[in-house]
Amino acid sequence: VCGNILFLKKICHKCKFFSKLATNGIYTLQARCILIFILKKTQKNLMQTAFLAHITAHKALIYKVCHTFERDDDLRRDLFQDIVLHLWRAFPNFQAAAKWTTWAYRIALNVAITKRRKPQIATAEWSDTFERRLADTPYDSTTDERLTALYVAINQLNAAEKALILLYLDDISYAEIAEIIGITENNVGVKLNRIKTKLKQMLNAS
Amino acid sequence: MLPNLIFILKNMNPSDHNPLDLDGLKSLWNVEMQTEAESFSDNQQILTIMQQKTTSTVARFQRNLLLECLTAVPLFIGAYFLFEALNKQLPPLVWLGIVILTFSYHIYLYVTLKKQAEASVPLAVFLEMQLAEIRKFMKMYEIIAILFSIIVFFATLFQAYAILILRLKLGVLMLVPQFCIAALASAGAFFFTHWLANKLYGQHYATLQECYAALK
């Protein structure tokens, strides 16, 4: 982004229109204002492009959070919108040295967990709609059944447990999970073991 | 030969040994999520989202604060003209003090909330910040509830005193039922404000508290 802005500055310096304005003492301030406006606009456009590239590459990350925390498709879209908006607003503060997934997961989980929700619909009802939706897709039936059972089981966990199991399923390392959640690595291990046992019991019972 | 080969290939799939094994389901889950995410939204939709406003709690608090500031302006102007009409002048410094106090409090809350909106901190820290902020709002409502109930109590009692004692010249004992009514109205005002605060923030606070406790 910085490189592109410097390049643009050079072009503006060479541009006849701006140099004419700049040499004329009365219009120097206006010329600077126009230049700043153009630079800001270009910076915003460049940031938008960079942000879209990141989002397109990691769309599944946001979708996973939405899918884990919301059952209804409309609510998922609402949450998706909120997460994308928060990411976009925080994007100017994103440091290139930081890992995008850690940064994005932090924001996505913070937004998903602290979002206000109406009382949830019954699990059975959701499971039924989900199965109906799956019936229309030409997937392997045993796979879908296992995944449906997993979704129903995850849905019975509390928000903190959902966050942890989501990161575990996405193959995030314990160290990174600890960084995202803000607890120690040992604590992550202990909690994940408990959640896994709980999930296994639920899955076997179903 | 062919049925045997199919049987061997089937047994080679590790997730088929234990169909509900979590590690086996991991890859299936990732594939499913990737496929669904692709069809969930395109770049054009994301660009539209970037222009919209958020519905998060912090953003809602911020919008409410801005609305309060906007409604405070006509209220101050109205109050000023009301005092003028009633020929009850307040020193300009008092007016200035009230205006500065109101707006500086709102600006302080807005800045604090702006810091809250930065959600790139770890989940546990973010929850802690959110809980502290909601506690502040709930405390503010509690103070309002107490003040509101005191105002309701004295206003009801004063009205009864003005009508029964000053205008109708009745005995002081006539104030006893009025006292009971004032106490009831004041309790009602207190519980109503308390209920309102609980309805606005209580359930959300409990949910966040539960999540925070589960993490720690």
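Start by selecting B:Phe154, which counts as exposed at 52% relative accessibility, where exposed means over 50% relative accessible area, buried under 20% and partly exposed in between, computed with a 1.4 Å probe on protein chains only. The rings of B:Phe153 and B:Phe154 form an edge-to-face aromatic pair, 5.3 Å from centre to centre and with 85° between the planes. Rings of Phe, Tyr and Trp (for Trp the six-membered ring) pair if their centres lie within 6.5 Å, and their planes count as stacked when under 30 degrees apart, as edge-to-face when over 60, and as tilted otherwise.

Before going on, note that this is a predicted model, in which local features need pLDDT of at least 70 and side-chain atom pairs count only at pLDDT 80 or more, while totals for chains, interfaces and linings use all residues. Residues are numbered from 1 along each chain as its sequence is written, chains are lettered from A and ligands numbered from 1 in the order in which they are written, and side-chain values use heavy atoms, with hydrogens and water left out.

Over all chains the structure holds 17 aromatic pairs. For a group of rings in chain A, select A:Phe51, A:Trp88, A:Phe91, A:Phe94, A:Trp100 and A:Trp103, which form one aromatic cluster.

Next, show both chains together and look at where they meet. The contact, meaning heavy atoms within 4.5 Å, takes 63 residues from chain A and 54 residues from chain B. Between them the two chains bury about 5,600 Å², 62% of it on carbon and sulfur atoms; buried area is the accessible area (1.4 Å probe) that two parts lose on being put together, summed over both. Select A:Tyr63, A:Arg116 and A:Arg146, which supply 14% of the area that chain A buries against chain B, more than any other three residues.

Which residue forms a salt bridge with B:Lys26? The partner is A:Asp171, with the closest N and O atoms 2.8 Å apart, and the count between chain A and chain B is 1 salt bridge. The term stands for a side-chain nitrogen of Lys or Arg within 4 Å of a carboxyl oxygen of Asp or Glu. Now colour helix H5 (residues 73–90) of chain A, from which 12 residues, the largest share of the side of chain A that touches chain B, are drawn; helices here are DSSP runs (H or I) of at least four residues, numbered from the N terminus.

Stay with helix H5 of chain A and select A:Arg77 and A:Asp73, which lie 4 residues apart in this helix, about one turn. These two form a salt bridge, their closest N and O atoms being 3.7 Å apart. A:Arg77 is partly exposed at 33%, and A:Asp73 is partly exposed at 38%.

Then go to A:Lys64 and A:Asp170, whose side chains meet in a salt bridge at 2.5 Å, N to O. This pair links distant parts of the chain, 106 residues apart, with A:Lys64 in helix H4 (residues 59–69) and A:Asp170 in the loop between helix H9 (159–169) and helix H10 (174–181) of chain A. A:Lys64 is buried, with a relative accessible area of 4%, and A:Asp170 is buried, with 17%.

End in chain B with B:Glu133 and B:Lys136, whose side chains meet in a salt bridge of 3.8 Å, N to O.

How values were computed:
Helix = DSSP H or I, 4+ residues; strand = E, 2+ residues; numbered from the N terminus.
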